[in-house]
Amino acid sequence: MSRPLFIALAATMSILSTLCAANPELVDIAKVDPTIVIDLRYATEHNVTGHALYPSGTRALILPSVAQQLAGVQTYLKQFRYRLKIWDAYRPKEAQELLWKYAAKDQYVANPEKGFGSMHSYGVSVDATLVDDWSQDATMPTKFDEFTPQAMMGYAGRDPLVKQHVNLLQKAMAHNNFYGLRVEWWHFTTADWKKYVPYWEEKQMSQSSDTPSPKS
């Protein structure tokens, strides 16, 4: 077994332990609204790192208030015959460290040792897209974790269907108290995220000269 693979497997086992001992306030999105499609990409190799960062069978966890917001998004989308698909939710800091290691793109991925780290690690952010009534993926600007100019929140392409889908997702999320990330059309954070950042970290950031900039 190669050393990088051994390290990745050891880290995955550590993440499994972390997930099992996750904040007891976190809830399973699928239990709050079973109609939301769950496709955790970091539980597979189909992500930017090429490695599974979560153990197989990992649930999509989130804070209860955020889960209720997602249920509201789902209700909003159903009137247009679309549904939410969740690509990522709560992400343990150990997984964020692996993500940073394998895909260190500072404009997109949060350094776990700097500032807030990732908002995913507090259970306040999700990565989401749309599926239609037949559970087929809606056409979007890019694939998940495709860190290119095309992934910007403000779609500037010429495909009217893609524009329609992006606008619908953004409108549904904004209507339920989420805001997006400028460089990733799929990333959304609850507008109430500051309520859930540990006091010492919030104080640390307030004393820093850096302006907080939540990242993926």
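## Contacts along the chain

Take the contacts between residues at least 6 apart in sequence: 75% of them join residues at least 24 apart. One pair shows what such a separation can look like. Phe116 and Val197 lie 81 residues apart along the chain, and their C-alpha atoms are separated by 8.0 Å. Keep in mind that this is a predicted model.

Phe116 sits in the loop between helix 4 (93-102) and strand 5 (125-132). Is Phe116 buried or exposed? Phe116 counts as buried, because its relative accessibility is 9% and the cut-off for buried is under 20%.

## Overall build

The chain has six helices and seven strands. Read along the sequence, they follow the pattern α-β-α-β-β-α-β-α-β-α-β-β-α.

The chain holds 216 residues, and 49% of them are buried.

## Helix 3 against helix 5

Two packed helices are described by the angle between their axes and the distance between the axes. Here the pair is helix 3 (residues 64-78) and helix 5 (residues 160-175). Their axes come within 8 Å and cross at roughly 135°. That angle makes helix 3 oblique to helix 5, because an angle counts as roughly antiparallel only over 145 degrees. The crossing of the two helices is right-handed.

Which residues of helix 3 and helix 5 meet? Helix 3 brings Leu70, Val73, Tyr76 and Leu77. Helix 5 brings Leu168, Lys171, Ala172, Met173 and His175. Seven residues of this contact are nonpolar, one is polar and one is charged.

Most residues other than glycine have a negative phi. Two loop residues deserve a look here.

Ser135 is not a glycine, yet its phi is positive, at about 65°. Ser135 lies in the loop between strand 5 and helix 5. Its relative accessibility is 40%, so Ser135 counts as partly exposed.

Asn177 also is a residue other than glycine, and its phi is a positive value near 70°. Where is Asn177 found? Asn177 is in the loop between helix 5 and strand 6 (178-181). With a relative accessible area of 34%, Asn177 is partly exposed.

Terms used:
Residues numbered from 1 in each chain as written. Predicted model: local features only at pLDDT ≥ 70, side-chain atom pairs only at ≥ 80, totals over all residues. Heavy atoms only, no water. Axes fitted to C-alpha atoms, helices over the stretch in contact; angles between N-to-C directions. Helix = DSSP H or I, 4+ residues; strand = E, 2+ residues; numbered from the N terminus. Parallel < 35°, antiparallel > 145°, perpendicular 65-115°, else oblique. Left-handed = near helix turned anticlockwise from the far one by under 90°. Contact = heavy atoms within 4.5 Å. Nonpolar A, V, L, I, M, F, W, Y, C, P; charged D, E, K, R; others polar. Buried < 20%, exposed > 50% of the residue type's maximum accessible area, 1.4 Å probe, protein only.
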